[in-house]
Amino acid sequence: MGYIAIVDYGAGNLMSVRNSLDFLGYESKVADKPDVLRQAAGVILPGVGAFPDAMDALTRSGLRDATVQAAKEKPFLGICLGMQLLFEQSDEVRPCKGLGLLSGRIGRIETALKLPQIGWNALEIVRPNAMTAGLQSGDHVYFVHSFMASPADEDDLAAVTDYGARVPAMVARGSLFGCQFHPEKSGDVGLAMLKNFAKLTEVGQ
């Protein structure tokens, strides 16, 4: 029986994610060492705060290389800032390189509405994938962010939301996924997505 690793680099809301996996009955481990990531059946990268701070923290933790390798080899989910870190570069605070797993960059949401976007908003699923199985456009999820991804490859865009602008809400390429919203705070819809992800890892309940 395997487990899902939750990357602990000092910049993520780990316990909400772990509590959700516990509720669903899936084994998880908080990963603060590379070996825990290497041995995991799947990996979740959470994140809160500013992009450069998170990248610095991930590098200092010694987990950066193992995180990149895990994202190339096994089911991998970035949540909120964790999704943004998957991209090549961000303009938040200062220009900063990301993990480079997806092409594109992070910039401030260009909207007349108040930032940060905080609250529930509807998903428009533009490219169904394994994590959106059983869901539909119009389902609501919970967002907290001021910056958004601009994928260079439109095929990486899985879902969007409307916040006075077309905001990428989810990206997917193979078994690599990113959610700008917080599935662990998105009620039954979010739990369904986490369950879909856990099924990909083949971690038993």
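# Close-up views of a predicted model

Glu202 is exposed, with a relative accessible area of 72%. (Buried means under 20% relative accessible area, exposed over 50%, partly exposed in between, with a 1.4 Å probe and protein chains only.) This is a predicted model, where local features need pLDDT of at least 70, side-chain atom pairs count only at pLDDT 80 or more, and totals for chains, interfaces and linings use all residues. Residues are numbered from 1 along each chain as its sequence is written, and side-chain values use heavy atoms, with hydrogens and water left out.

**View 1. Glu202 follows helix H6 (187-201).** Helices (H or I, at least four residues) and strands (E, at least two) are DSSP runs, numbered from the N terminus. Phi of Glu202 is positive, near 60°, in a residue other than glycine. Most residues other than glycine have a negative phi.

**View 2. Eight strands make an open sheet.** The order is E2-E1-E3-E4-E14-E13-E12-E9, and the pairing is mixed. Two strands pair if DSSP finds at least two bridges between them. Strands of a sheet pair through backbone hydrogen bonds, either parallel or antiparallel. Strand E2 (28-31) and strand E9 (124-125) stand at the edges. Each has a single partner strand, so one side of each is left without a neighbour in the sheet.

**View 3. Strand E12 (residues 157-162) is mostly covered.** Five of its six residues are buried. On one side, E12 pairs with E9 in the antiparallel sense over two bridges. Ile125 has Ala159 of E12 as its bridge partner. E12 also pairs with E13, again antiparallel, over five bridges. Here Ala159 stands opposite Met170 in E13.

View 4. Arg173 has Leu176 of E14 as its bridge partner.

View 5. In H4, Ala66, Thr67, Val68, Ala70 and Ala71 are buried. The buried residues of H4 pack against E1, helix H2 (34-38), E3, H3, E4 and E14. Contact means heavy atoms within 4.5 Å.

**View 6. Helix H3 (residues 51-60) has six named buried positions: Phe51, Pro52, Ala54, Met55, Ala57 and Leu58.** Their cover includes E1, H4, helix H5 (81-84), strand E5 (87-90), strand E6 (96-97) and strand E7 (102-108). Gly62 follows H3 and has a positive phi, near 80°. Ser61 is in the loop between H3 and H4. At 28% relative accessibility, Ser61 counts as partly exposed. Ser61 and Asp32 are 29 residues apart along the chain, but their C-alpha atoms are separated by 7.5 Å.

**View 7. A second open sheet has four strands.** Its order is E6-E5-E7-E11, with mixed pairing. E6 and strand E11 (147-151) are the edge strands, each pairing on one side only. E5 and E6 run antiparallel, joined by two bridges. Ser90 has Cys96 of E6 as its bridge partner. Val93 lies in the loop between E5 and E6. Phi of Val93 is positive, near 70°, in a residue other than glycine. Is Val93 buried or exposed? Val93 is exposed, at 68% relative accessible area.

**View 8. Leu115 and Pro116 are joined by a cis peptide bond.** Omega is near 0°. Pro116 lies in the loop between E7 and strand E8 (117-122). Most peptide bonds are trans.

**View 9. The largest pocket has a volume of about 210 Å³.** H5 and strand E10 (140-145) are the elements that give two or more residues to its lining. The lining has 14 residues, of which Gly49, Cys80, Val144, His145 and Ser146 lie nearest the centre. By class, six are nonpolar, six polar and two charged. (Ala, Val, Leu, Ile, Met, Phe, Trp, Tyr, Cys and Pro count as nonpolar, Asp, Glu, Lys and Arg as charged, and the others, Gly among them, as polar.) On a 1 Å grid over the protein atoms alone, a pocket is an open set of points where a 1.4 Å probe fits, with protein on both sides within 12 Å along at least five of seven lines; lining residues have an atom within 4 Å of a point. Grid points are joined across faces, edges and corners, and a volume is the space filled by probe spheres set on the points.
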